[in-house]
Amino acid sequence: MSVKSIREIKEELKQIPPERLPEYLALYRDDGRKGVQDVLKTQENRLKKYEAELARIQTLTFFEKRYEEYTYICGIDEVGRGPLAGPVVAGAVILPKDCRILYINDSKKLSAKKREELSEEIHQKAVAIGIGLSTQERIDEINILQATYEAMRKAIRALSVAPSLLLNDAVTIPQVDIPQVGIVKGDARSVSIAAASIVAKVYRDRMMEEYDKMYPGYGFASNKGYGSREHVEALHRLGPCPIHRRSFLKSILS
(Lines give C-alpha, C1' and ligand atoms only; values in the text may rest on other atoms or scores of the structure.)
Protein backbone atom coordinates (compact mmCIF):
# COMPACT_ATOMS: atom_id res chain seq x y z
CA MET A 1 0.00 0.00 0.00
CA SER A 2 1.54 3.31 -1.06
CA VAL A 3 1.98 6.09 1.51
CA LYS A 4 0.31 9.38 0.67
CA SER A 5 2.60 12.32 0.11
CA ILE A 6 2.42 15.35 2.40
CA ARG A 7 0.96 17.37 -0.46
CA GLU A 8 -1.77 14.76 -1.01
CA ILE A 9 -2.68 14.76 2.67
CA LYS A 10 -2.72 18.55 2.73
CA GLU A 11 -5.06 18.74 -0.26
CA GLU A 12 -7.27 15.96 1.11
CA LEU A 13 -7.79 17.68 4.46
CA LYS A 14 -8.43 21.07 2.83
CA GLN A 15 -11.43 19.54 1.04
CA ILE A 16 -12.94 17.98 4.17
CA PRO A 17 -15.87 19.90 5.76
CA PRO A 18 -14.81 21.15 9.20
CA GLU A 19 -17.45 19.10 11.01
CA ARG A 20 -15.79 15.92 9.69
CA LEU A 21 -12.22 16.94 10.43
CA PRO A 22 -11.79 15.06 13.75
CA GLU A 23 -12.16 11.63 12.12
CA TYR A 24 -9.72 12.53 9.34
CA LEU A 25 -7.18 14.09 11.70
CA ALA A 26 -7.17 10.83 13.65
CA LEU A 27 -6.11 8.93 10.50
CA TYR A 28 -2.80 10.80 10.34
CA ARG A 29 -2.12 11.40 14.03
CA ASP A 30 0.61 8.72 14.13
CA ASP A 31 2.33 9.86 10.94
CA GLY A 32 5.75 10.98 12.18
CA ARG A 33 6.64 13.21 9.25
CA LYS A 34 7.07 16.84 10.33
CA GLY A 35 5.27 18.06 7.22
CA VAL A 36 2.23 15.97 8.06
CA GLN A 37 2.21 17.21 11.64
CA ASP A 38 2.37 20.80 10.38
CA VAL A 39 -0.62 20.09 8.15
CA LEU A 40 -2.50 18.65 11.13
CA LYS A 41 -1.77 21.76 13.22
CA THR A 42 -3.16 23.97 10.46
CA GLN A 43 -6.30 21.89 10.25
CA GLU A 44 -6.65 21.78 14.04
CA ASN A 45 -6.63 25.59 14.04
CA ARG A 46 -9.27 25.52 11.32
CA LEU A 47 -11.36 23.20 13.48
CA LYS A 48 -10.98 25.49 16.52
CA LYS A 49 -12.17 28.49 14.49
CA TYR A 50 -15.14 26.48 13.27
CA GLU A 51 -16.06 25.42 16.80
CA ALA A 52 -15.71 29.03 18.00
CA GLU A 53 -18.03 30.15 15.21
CA LEU A 54 -20.59 27.51 16.21
CA ALA A 55 -20.46 28.85 19.76
CA ARG A 56 -20.89 32.44 18.55
CA ILE A 57 -23.87 31.48 16.39
CA GLN A 58 -25.39 29.73 19.37
CA THR A 59 -25.27 32.99 21.37
CA LEU A 60 -27.01 34.77 18.46
CA THR A 61 -30.06 32.53 18.93
CA PHE A 62 -30.61 33.61 22.55
CA PHE A 63 -33.67 35.74 21.82
CA GLU A 64 -35.11 33.28 19.31
CA LYS A 65 -34.92 30.57 21.97
CA ARG A 66 -36.24 32.90 24.68
CA TYR A 67 -39.38 33.46 22.64
CA GLU A 68 -39.56 30.01 21.05
CA GLU A 69 -43.27 29.67 21.89
CA TYR A 70 -43.93 32.04 18.96
CA THR A 71 -44.25 30.10 15.71
CA TYR A 72 -42.85 32.70 13.32
CA ILE A 73 -40.24 35.03 14.79
CA CYS A 74 -39.34 37.87 12.43
CA GLY A 75 -36.20 39.97 12.61
CA ILE A 76 -36.52 43.60 11.49
CA ASP A 77 -33.73 46.03 10.63
CA GLU A 78 -33.12 49.01 8.39
CA VAL A 79 -30.23 50.47 6.42
CA GLY A 80 -29.76 53.93 5.01
CA ARG A 81 -30.90 56.31 7.73
CA GLY A 82 -27.77 58.43 7.44
CA PRO A 83 -27.04 58.90 3.71
CA LEU A 84 -27.57 62.13 1.82
CA ALA A 85 -29.23 60.30 -1.07
CA GLY A 86 -31.43 57.32 -1.84
CA PRO A 87 -34.14 55.53 0.11
CA VAL A 88 -34.16 54.06 3.58
CA VAL A 89 -34.66 50.29 3.26
CA ALA A 90 -35.99 47.83 5.83
CA GLY A 91 -35.66 44.07 5.83
CA ALA A 92 -37.94 41.55 7.55
CA VAL A 93 -36.75 37.94 7.81
CA ILE A 94 -38.39 34.85 9.30
CA LEU A 95 -35.90 32.00 9.67
CA PRO A 96 -36.84 28.38 10.37
CA LYS A 97 -36.50 27.17 13.93
CA ASP A 98 -32.92 26.15 14.71
CA CYS A 99 -31.70 27.59 11.40
CA ARG A 100 -27.90 27.77 11.35
CA ILE A 101 -26.12 30.17 9.02
CA LEU A 102 -22.43 30.41 9.82
CA TYR A 103 -20.70 33.81 9.86
CA ILE A 104 -23.96 35.74 9.94
CA ASN A 105 -23.48 39.04 11.75
CA ASP A 106 -24.36 42.71 11.79
CA SER A 107 -24.06 43.70 8.12
CA LYS A 108 -21.69 46.58 9.01
CA LYS A 109 -19.14 44.04 10.30
CA LEU A 110 -19.06 42.06 7.04
CA SER A 111 -17.32 42.63 3.73
CA ALA A 112 -19.47 43.32 0.67
CA LYS A 113 -18.56 39.89 -0.72
CA LYS A 114 -19.53 38.14 2.50
CA ARG A 115 -22.83 40.04 2.67
CA GLU A 116 -23.66 38.92 -0.87
CA GLU A 117 -22.89 35.28 -0.02
CA LEU A 118 -24.90 35.38 3.19
CA SER A 119 -27.82 37.17 1.55
CA GLU A 120 -28.05 34.36 -0.99
CA GLU A 121 -27.98 31.74 1.77
CA ILE A 122 -30.60 33.61 3.79
CA HIS A 123 -32.88 33.77 0.75
CA GLN A 124 -32.45 30.02 0.26
CA LYS A 125 -33.19 29.09 3.88
CA ALA A 126 -35.68 31.70 5.10
CA VAL A 127 -39.36 30.93 5.65
CA ALA A 128 -40.17 34.42 4.37
CA ILE A 129 -38.40 37.68 3.47
CA GLY A 130 -39.94 41.12 3.10
CA ILE A 131 -38.34 44.33 1.84
CA GLY A 132 -39.82 47.78 2.33
CA LEU A 133 -38.51 51.23 1.49
CA SER A 134 -39.32 54.89 1.82
CA THR A 135 -38.06 57.19 -0.90
CA GLN A 136 -36.01 60.34 -0.52
CA GLU A 137 -39.17 62.38 -1.22
CA ARG A 138 -40.96 60.60 1.60
CA ILE A 139 -38.01 61.18 3.93
CA ASP A 140 -38.14 64.90 3.18
CA GLU A 141 -41.89 64.91 3.71
CA ILE A 142 -42.27 63.07 7.03
CA ASN A 143 -38.63 62.98 8.39
CA ILE A 144 -36.20 60.08 8.49
CA LEU A 145 -37.50 58.44 11.67
CA GLN A 146 -41.09 58.26 10.45
CA ALA A 147 -39.90 57.16 7.00
CA THR A 148 -37.90 54.37 8.66
CA TYR A 149 -40.97 53.16 10.55
CA GLU A 150 -42.95 53.30 7.30
CA ALA A 151 -40.32 51.17 5.51
CA MET A 152 -40.44 48.64 8.34
CA ARG A 153 -44.23 48.37 8.14
CA LYS A 154 -43.96 47.84 4.39
CA ALA A 155 -41.37 45.09 4.92
CA ILE A 156 -43.69 43.32 7.35
CA ARG A 157 -46.61 43.53 4.91
CA ALA A 158 -44.39 42.11 2.14
CA LEU A 159 -43.83 38.86 4.05
CA SER A 160 -45.57 35.81 2.60
CA VAL A 161 -46.08 34.45 6.13
CA ALA A 162 -47.61 36.49 8.95
CA PRO A 163 -45.11 36.84 11.82
CA SER A 164 -46.06 35.94 15.39
CA LEU A 165 -43.40 38.14 16.99
CA LEU A 166 -41.10 40.92 15.80
CA LEU A 167 -37.54 41.27 17.03
CA ASN A 168 -36.48 44.81 16.15
CA ASP A 169 -33.11 46.51 16.21
CA ALA A 170 -33.60 48.89 19.16
CA VAL A 171 -36.97 50.39 18.15
CA THR A 172 -40.67 49.80 18.71
CA ILE A 173 -42.53 50.24 15.43
CA PRO A 174 -45.72 52.29 15.78
CA GLN A 175 -49.00 51.28 14.13
CA VAL A 176 -48.15 47.57 14.26
CA ASP A 177 -50.43 45.12 16.11
CA ILE A 178 -47.94 42.24 16.18
CA PRO A 179 -46.10 41.69 19.50
CA GLN A 180 -42.61 43.15 19.26
CA VAL A 181 -39.38 43.32 21.22
CA GLY A 182 -36.81 46.05 20.71
CA ILE A 183 -33.24 44.82 21.24
CA VAL A 184 -30.41 47.33 21.61
CA LYS A 185 -27.68 46.47 19.09
CA GLY A 186 -29.99 43.72 17.94
CA ASP A 187 -28.19 43.20 14.61
CA ALA A 188 -25.21 41.89 16.60
CA ARG A 189 -27.30 39.96 19.16
CA SER A 190 -30.06 38.21 17.22
CA VAL A 191 -29.65 35.94 14.21
CA SER A 192 -33.03 37.05 12.82
CA ILE A 193 -32.19 40.75 13.05
CA ALA A 194 -28.72 40.13 11.61
CA ALA A 195 -30.34 38.35 8.65
CA ALA A 196 -32.69 41.30 8.11
CA SER A 197 -29.74 43.67 8.30
CA ILE A 198 -27.87 41.75 5.61
CA VAL A 199 -30.71 41.38 3.11
CA ALA A 200 -31.66 45.04 3.50
CA LYS A 201 -28.05 46.18 3.07
CA VAL A 202 -27.49 44.08 -0.04
CA TYR A 203 -30.79 45.26 -1.54
CA ARG A 204 -30.02 48.93 -0.93
CA ASP A 205 -26.41 48.68 -2.12
CA ARG A 206 -27.59 47.21 -5.41
CA MET A 207 -30.06 50.07 -5.77
CA MET A 208 -27.33 52.64 -5.21
CA GLU A 209 -25.09 50.93 -7.77
CA GLU A 210 -27.89 51.28 -10.31
CA TYR A 211 -28.39 54.92 -9.33
CA ASP A 212 -24.69 55.48 -9.96
CA LYS A 213 -25.30 54.61 -13.61
CA MET A 214 -28.28 56.97 -13.80
CA TYR A 215 -26.60 59.85 -11.98
CA PRO A 216 -22.84 59.58 -12.54
CA GLY A 217 -20.38 61.84 -10.79
CA TYR A 218 -21.49 61.42 -7.19
CA GLY A 219 -19.82 58.07 -6.55
CA PHE A 220 -23.02 56.32 -5.45
CA ALA A 221 -21.60 52.89 -6.32
CA SER A 222 -18.85 53.32 -3.74
CA ASN A 223 -20.29 55.69 -1.12
CA LYS A 224 -23.88 54.34 -1.32
CA GLY A 225 -25.19 57.87 -0.82
CA TYR A 226 -23.30 58.59 2.39
CA GLY A 227 -21.58 61.94 2.78
CA SER A 228 -18.06 61.02 1.71
CA ARG A 229 -15.63 63.75 0.71
CA GLU A 230 -16.07 62.78 -2.95
CA HIS A 231 -19.84 62.98 -2.62
CA VAL A 232 -19.85 66.39 -0.91
CA GLU A 233 -17.42 67.81 -3.48
CA ALA A 234 -19.69 66.52 -6.27
CA LEU A 235 -22.69 68.18 -4.64
CA HIS A 236 -20.93 71.54 -4.68
CA ARG A 237 -19.83 70.98 -8.27
CA LEU A 238 -22.96 69.42 -9.77
CA GLY A 239 -25.72 70.32 -7.34
CA PRO A 240 -28.24 67.76 -6.07
CA CYS A 241 -29.76 65.10 -8.32
CA PRO A 242 -33.30 63.65 -8.10
CA ILE A 243 -32.42 61.04 -5.46
CA HIS A 244 -30.88 63.47 -2.97
CA ARG A 245 -32.65 64.12 0.31
CA ARG A 246 -33.12 67.87 0.24
CA SER A 247 -33.71 68.05 3.99
CA PHE A 248 -30.26 66.53 4.55
CA LEU A 249 -28.43 69.06 2.34
CA LYS A 250 -29.32 72.35 4.02
CA SER A 251 -26.14 72.62 6.07
CA ILE A 252 -23.96 71.36 3.22
CA LEU A 253 -25.22 73.65 0.48
CA SER A 254 -26.05 76.73 2.58
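**Strand pairing and salt bridges**

Strand E1, which covers residues 73–79, pairs with strand E2 in the antiparallel sense, and six bridges link the two. Within this pairing, Cys74 is placed opposite Ile94 of E2. The structure described here is a predicted model, and the pairings and contacts reported below are computed from it. Strand E2 is also joined to strand E3 (residues 128–134), again with the two strands running antiparallel, and here the number of bridges is seven. One of the positions along this second pairing is Ala92, whose bridge partner in E3 is Gly130.

Turning to charged side chains, a total of 20 salt bridges was counted in the model. One of them connects Glu12 with Lys4, with 3.1 Å between the closest N and O atoms; Lys4 counts as partly exposed because its relative accessibility is 36%. Another links the side chains of Glu121 and Lys125, with an N to O distance of 2.7 Å. These two residues are four positions apart in helix H5 (residues 112–125), which means that about one helical turn separates them. Glu121 is partly exposed, its relative accessible area being 23%, and Lys125 likewise counts as partly exposed, at 34% relative accessibility.

A further salt bridge is formed by Glu150 and Arg138, whose closest N and O atoms are 2.8 Å apart. Because Glu150 lies in helix H7 (residues 144–157) and Arg138 in helix H6 (residues 136–142), this pair ties together parts that are 12 residues apart in sequence. The two partners fall into separate accessibility classes: Glu150, at 12% relative accessibility, counts as buried, whereas Arg138, with a relative accessible area of 28%, is partly exposed.

Conventions: Residues numbered from 1 in each chain as written. Predicted model: local features only at pLDDT ≥ 70, side-chain atom pairs only at ≥ 80, totals over all residues. Heavy atoms only, no water. Salt bridge = Lys/Arg side-chain N within 4 Å of Asp/Glu carboxyl O. Buried < 20%, exposed > 50% of the residue type's maximum accessible area, 1.4 Å probe, protein only. Pairing = 2+ DSSP bridges.
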